[in-house]
Amino acid sequence: MRRGPLTSRGAGALALGLALCVGAHAAGSPEALAFGVLLVSLAVTCVLSLYLRRSPARVLRILRPETVAVGEECAVTLRISGRSPLPTPGGTWHDVVPAGLLGTASGSLPASLTPGMRETLELGYTVTGLRRGPWTLGPLTVVEHDPFGLARRTRRLGGATPVMVTPRVAPLASLSRVGGDAGVALATAERRGQGADNLIPRPYAPGDSMRRVHWRASARLGELMVREEEQESSPQALVVLDRGIFRWGPAAAVPGGDPAFENAVSLCVSIAWRLANDGYVVEVVDGDGLALAALAAAPGADERDELARAFATLGTRSADTLPQLDRALAGRTVGPLIVIAGRLEGDDAPVLARLGHRGALPLVFAADPRPDALPQVRRAGWRVAALGEDVEETWLRGAETAHAGR
């Protein structure tokens with residue numbers, strides 16, 4: 001609602017002044033007339049003092065960090081700079097915070113007593129990621145007041161600043177801790193080969209054992225060479241996120257709209273990050289085999305941020321791809337094979353049965369499994385865990401169930 005230039009106090013002073021002017025004219029009282037003119041003049045002067053001032057030249061909004069995960073905080077700094085021939089009055093400020101963020105972005109605006117000088121006013125607040133997706137902060141609204149509190153001026157300064165809310169990457173426990181071997185013994189990012197084909201000669205270095213001398217290469221090259229074992233490639237892991245809207249609610253089409261789908265996205269990126277840190281080369285695909293993300297073994301912090309950003313705007317699809325999942329992944333054999341789905345039907349068991357042998361650890365997380373689906377999928381060779389609100393607890397249940405079934 002747009003407010004007028006006068007506060008309630010200013011409107012009262014103006015009304016009183018006009019009433020005194022009318023009453024003084026009727027009663028012939030010059031004192032009352034003078035006081036009425038003073039009140040009217042004061043109210044008008046206060047309004048003009050605000051509306052004749054020049055607006056600030058620039059508003060800069062700084063975010064640290066520029067992207068924020070669900071549940072994490074982002075510090076917002078507002079820098080307002082400008083120059084005015086008159087002192088800057090005090091007032092209040094308010095920055096627009098979207099529905100995907102949570103925070104209080106308002107406060108008092110200090111007054112400045114140095115007219116003519118270019119000054120920068122710095123304000124700050126903190127927001128917390130609430131819903132995944134692209135959002136915007138701003139614009140900034142400033143309400144200035146005159147020293148007497150009779151007038152106000154509302155200004156909308158600057159534009160909006162985009163901020164991306166990414167899914168939460170939960171700190172999941174390693175499979176080797178919660179699931180015993182469960183195929184994780186193969187997940188060492190750097191394994192020494194045992195066959196002759198993996199031997200690479202290199203020049204002798206002080207400290208090398210003489211038992212590792214490669215005599216044939218030394219004779220051929222004319223210098224002492226030792227055997228160096230080539231590092232084998234890291235084992236593979238595959239994470240499938242089924243995005244068919246038939247398996248989720250209609251609200252899942254919009255990022256942040258469906259809590260169950262949001263838990264699935266968070267679980268997906270968390271599992272991918274966990275497996276990569278366990279030494280796997282991880283590929284995340286859609287239900288039709290379309291690549292969504294990839295991670296090398298033992299990734300760094302930058303790769304973690306890139307993974308989260310890749311899923312920041314992900315929504316559901318119109319196609320139901322789970323029934324064709326076995327054809328989409330034809331010919332692929334991996335270590336852990338993890339499928340994250342919404343509704344799981346008993347009719348999905350034959351598809352998963354044809355697919356389960358391709359993974360050393362076939363595991364399904366289902367947000368809405370039908371009662372007849374769980375026994376049939378288990379008989380098909382898969383381990384099934386319900387997808388709950390607590391991502392860490394969901395992962396523990398699934399990993400422990402997989403270990404128990406081995």
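Helices (H or I, at least four residues) and strands (E, at least two) are DSSP runs numbered from the N terminus. The model is predicted, with local features needing pLDDT of at least 70 and side-chain atom pairs pLDDT 80 or more, while totals for chains, interfaces and linings use all residues. Residues are numbered from 1 along each chain as its sequence is written, and side-chain values use heavy atoms, without hydrogens and water.

**View 1. Helix 5, residues 259-277.** The 19 residues of helix 5 reach 27 Å from first to last C-alpha, close to the expected 27 Å (1.5 Å times one less than the number of residues). Of these 19 residues, 16 are buried (under 20% relative accessible area, 1.4 Å probe, protein chains only; exposed is over 50%, partly exposed in between).

**View 2. The largest nonpolar core, with 40 residues.** Such a core joins buried Ala, Val, Leu, Ile, Met, Phe, Trp, Tyr and Cys residues through side-chain atoms within 4.5 Å. Ile271, Val282, Phe311 and Ile340 touch the most other members. Helix 5 contributes the most, eleven residues. A second, separate core has 21 residues, including Val285, Leu355, Ala366 and Ala380.

View 3. Thr316 counts as buried because its relative accessibility is 16%. Its side chain reaches the backbone nitrogen of Ala253 at 3.4 Å. Leaving out residues up to four places away in sequence, Thr316 touches Arg243, Ile245, Trp248, Ala252, Ala253 and Phe261 (heavy atoms within 4.5 Å).

Definitions and conventions:
Polar contact = N/O pair within 3.5 Å; in protein donor to acceptor, adjacent residues only side chain to side chain.
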